[in-house]
Amino acid sequence: MPKNKGKGGKNRKRGKNEADDEKRELVFKEDGQEYAQVLRMLGNGRCEALCIDGTKRLCHIRGKMHKKVWIAAGDIILVGLRDYQDDKADVILKYQPDEARLLKAYGELPDNLRLNEGIAGGMDEEEEGGGDDYIEFEDEDIDKI
């Protein structure tokens, strides 16, 4: 049999995400950068995002983030604008949901931008307005049958 010369298998390559729980410093945009919200994922390390300035851009996910930071539709990202192509940009950073809420509170993001609050946010809205969705049966009708 051939001797194993590798360092390990699939699980070693996948790595450990221990650094995700740490609080990181909030990064604000600089010149040549813009906030954007992901509209849809296109595959091949690309996504379509609507920037805060109103432009829809094709964004390329940088190699450092590829297969390490998972981006989904509705996420708030920081993109680096290109001088030579206005319709394309590069994804620099993905903001966590709590960081996106902080950006909105600081006034960096517009108030009409709808943030993806996740499953917990959707459940709260249903509980508040979902009081009229039940049907009440009377016991008298059942006894008469």
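This is a short tour of a predicted model, stop by stop, for use in your viewer.

**Before you start.** Number residues from 1 along each chain as its sequence is written, and keep in mind that side-chain values use heavy atoms, with hydrogens and water left out. Because the model is predicted, local features need pLDDT of at least 70 and side-chain atom pairs count only at pLDDT 80 or more, while totals for chains, interfaces and linings use all residues.

**Stop 1: the whole chain.** Along the sequence the pattern reads α-β-β-β-β-β-α-α-α. Of the 145 residues, 25% are buried, meaning under 20% relative accessible area with a 1.4 Å probe and protein chains only.

**Stop 2: the barrel.** Now select the strands. In which order do the five strands close into a barrel? The order is E1-E2-E3-E5-E4, with mixed pairing (two strands pair if DSSP finds at least two bridges between them). From one strand to the next, the twist averages 50°; angles run from 0 to 180 degrees between N-to-C directions of axes fitted to C-alpha atoms.

**Stop 3: E1 beside E4.** Select residues 33–43 for E1 and 76–81 for E4; they pair in the antiparallel sense over five bridges. Alanine 36 stands opposite isoleucine 77 in E4.

**Stop 4: glutamine 37.** Stay in strand E1 and pick glutamine 37. Is this residue buried or exposed? Glutamine 37 is buried, at a relative accessible area of 14%. Its neighbours, not counting residues up to four places away in sequence, include Glu48, Leu50, Asp75 and Leu113 (contact means heavy atoms within 4.5 Å). The side chain of glutamine 37 also reaches the backbone oxygen of arginine 114 at 2.9 Å.

**Stop 5: two cysteines.** Finish by selecting cysteine 47 and cysteine 59. Cysteine 47 is buried at 0% relative accessibility, and cysteine 59 is buried at 1%.

Technical notes:
Helices (H or I, at least four residues) and strands (E, at least two) are DSSP runs, numbered from the N terminus. Buried means under 20% relative accessible area, exposed over 50%, partly exposed in between (1.4 Å probe, protein chains only). A polar contact is a pair of N or O atoms within 3.5 Å; within protein, one must be able to donate a hydrogen and the other to accept it, and residues adjacent in sequence count only if both atoms are side-chain atoms.
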